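I opened the model to look up a few local features. My notes follow in the order in which I took them.

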Amino acid sequence: MNLTQLNAISPIDGRYRNKISKLSNYFSEEALIKYRVRVEIEYFIALCEIPLPQLADFNADLFVDLRKIYLDFSTTDAQKIKDIEHITNHDVKAVEYFIKEKFDALGLQQFKEFIHFGLTSQDINNTAIPLSIKEAINDIFVPHLHEVIQKLQSLAIEWKDISMLARTHGQPASPTRLGKEIDVFVVRLQEQFNLFNNIPNAAKFGGATGNFNAHKVAYKNIDWKAFGSKFVQEKLGLKHSFPTTQIEHYDHLAALFDALKRMNTIIIDLDRDFWTYVSMDYFKQKIKAGEVGSSAMPHKVNPIDFENSEGNLGIANAIFEHLSAKLPISRLQRDLTDSTVLRNVGVPIGHTIIGFTATLKGLNKLLLNKPKFEQDLENNWAVVAEAIQTILRREAYPNPYEALKGLTRTNEKINQKVIANFIDTLEVTSEIKEELKAITPSNYTGI
């Protein structure tokens with residue numbers, strides 16, 4: 001059965017495939033195999049560049065042909081490796097045998113035993129997977145995050161002068177401005193991205209138990225630790241973790257997943273706020289011809305994009321939570337639980353991209369309902385009580401907080417007239433009274 005939107009088990013490979021299809025270049029089985037081939041080829045080239053005595057005569061001009069093995073890697077090549085795996089029952093060994101066949105075709109049989117020389121499978125997996133994550137983050141995740149941030153920045157500027165009734169605990173509170181409330185999310189995302197950007201993409205590379213045992217016993221005079229660091233950092237652009245056991249300890253990868261989770265949590269917070277603003281009629285939503293909001297209620301235009309985002313980001317965070325909690329734990333020098341867990345890395349990143357896309361779609365559909373903002377402010381003159389009592393404190397007026405509390409903490413309607421009448425009863429100068437009467441819910445918005 002060919003995989004389609006209709007028979008896929010996972011929605012990221014079915015319903016949402018068109019939104020995250022590019023991630024298959026980093027996290028599919030074929031992509032993982034290609035990254036493994038890439039690491040193996042670059043490792044062989046690095047051995048030639050030492051050079052090892054047996055590789056001293058290797059023609060460097062052939063490096064181009066070797067790199068074509070992964071640069072021109074095809075689905076047919078991936079299937080060939082899977083066919084070999086059916087015999088070996090070992091995925092990385094299958095990659096080694098595949099490359100040896102390529103060496104045979106290039107007439108390089110005498111050099112074949114230096115493919116995967118001295119390595120264990122985790123030297124390949126723990127470099128290929130961090131490399132795929134790094135490149136997926138840079139190529140896919142970061143542009144989507146920045147697109148959301150840029151949209152929020154533009155809305156913060158566009159609506160910077162829109163006065164708005166704040167609500168703390170769901171109750172009317174000191175007014176704010178819509179642009180500032182959006183800018184809160186901009187800064188939160190930017191600050192978390194800066195922290196995220198400083199997390200190393202770490203990789204393990206050190207032989208069967210991390211000590212370069214096989215390398216050292218074969219070539220005692222080579223500084224293999226320095227070689228490993230140079231290979232990982234200069235050839236692959238990753239951070240060399242050392243010392244390690246047989247596997248990368250994943251502490252930095254756990255930090256990366258936690259950082260992704262925090263950014264997703266901020267977007268969920270934003271989704272819920274805008275969902276609430278829509279329900280308060282602060283925003284209308286653009287209507288698309290032919291769309292239906294409800295199967296029963298023709299009038300509805302639901303904030304489904306923010307709901308879709310919240311749901312997908314919640315799924316992503318649940319998986320990120322497991323990844324960051326599980327991966328740093330391994331029995332003794334290694335167990336296999338990290339291997340099966342790491343195959344799911346693309347899943348939360350996929351749900352994250354779907355969530356970001358939905359948030360952006362929701363933001364682009366918003367239509368400001370300015371009269372509703374103004375109406376809410378006009379209906380809540382009690383919020384200027386803070387301003388009045390603060391100025392009275394400045395003027396050393398006796399018990400100003402208590403006076404305003406007596407006025408406003410009732411179930412009676414407080415409007416502009418009630419506030420003005422109260423100000424007239426105060427024993428302050430006419431200048432202070434004018435200052436107090438100039439304060440309105442719309443202009444009491446701070447800095």
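I take contact as heavy atoms within 4.5 Å. Helices (H or I, at least four residues) and strands (E, at least two) are DSSP runs, numbered from the N terminus.

This is a predicted model, so I note that local features need pLDDT of at least 70 and side-chain atom pairs count only at pLDDT 80 or more, while totals for chains, interfaces and linings use all residues. Residues are numbered from 1 along each chain as its sequence is written, and side-chain values use heavy atoms, with hydrogens and water left out.

**Helix α10**

I listed the buried residues of α10 as Trp224, Phe227, Gly228, Ser229, Phe231 and Val232. Buried means under 20% relative accessible area, exposed over 50%, and partly exposed in between (1.4 Å probe, protein chains only). α10 spans residues 224–235, 12 residues, and reaches 15 Å from its first C-alpha to its last. That is close to the 16 Å expected at 1.5 Å a residue, where the expected span is 1.5 Å times one less than the number of residues. After α10 comes glycine 237, with a positive phi near 75 degrees.

**Alanine 218**

I then checked alanine 218, which lies in α9. Alanine 218 counts as partly exposed because its relative accessibility is 41%. From alanine 218 to glycine 118 I read 8.7 Å, C-alpha to C-alpha, for a separation of 100 residues in sequence.

Strands β1 (residues 163–168) and β2 (residues 171–177) run antiparallel and are joined by five bridges; two strands pair if DSSP finds at least two bridges between them. I found methionine 164 bridged to threonine 176 in β2, and alanine 166 opposite alanine 173. The hairpin has two residues between its strands, and histidine 169 in the turn has a positive phi of about 60 degrees.

**Helix packing on α14**

I fitted axes as lines to C-alpha atoms, for helices over the stretch in contact, with angles from 0 to 180 degrees between N-to-C directions. α7 and α14 pack at about 25 degrees with their axes 10 Å apart. α7 and α14 are therefore roughly parallel (under 35 degrees; over 145 is roughly antiparallel, 65 to 115 roughly perpendicular, the rest oblique). On the α7 side the contact includes Ile137, Phe141, His144 and Leu155, and on the α14 side it includes Ile349, Ile353 and Asn364.

α11 (residues 251–279) and α14 (residues 346–364) have axes that come within 11 Å and cross at roughly 30 degrees. I therefore logged α11 and α14 as roughly parallel too. Asn264, Ile267, Leu270, Asp271 and Phe274 of α11 meet Thr352, Phe356, Thr359 and Leu363 of α14.

**Glutamate 321**

My last entry is glutamate 321, in helix α12 (residues 304–326). With 39% relative accessibility, glutamate 321 counts as partly exposed.
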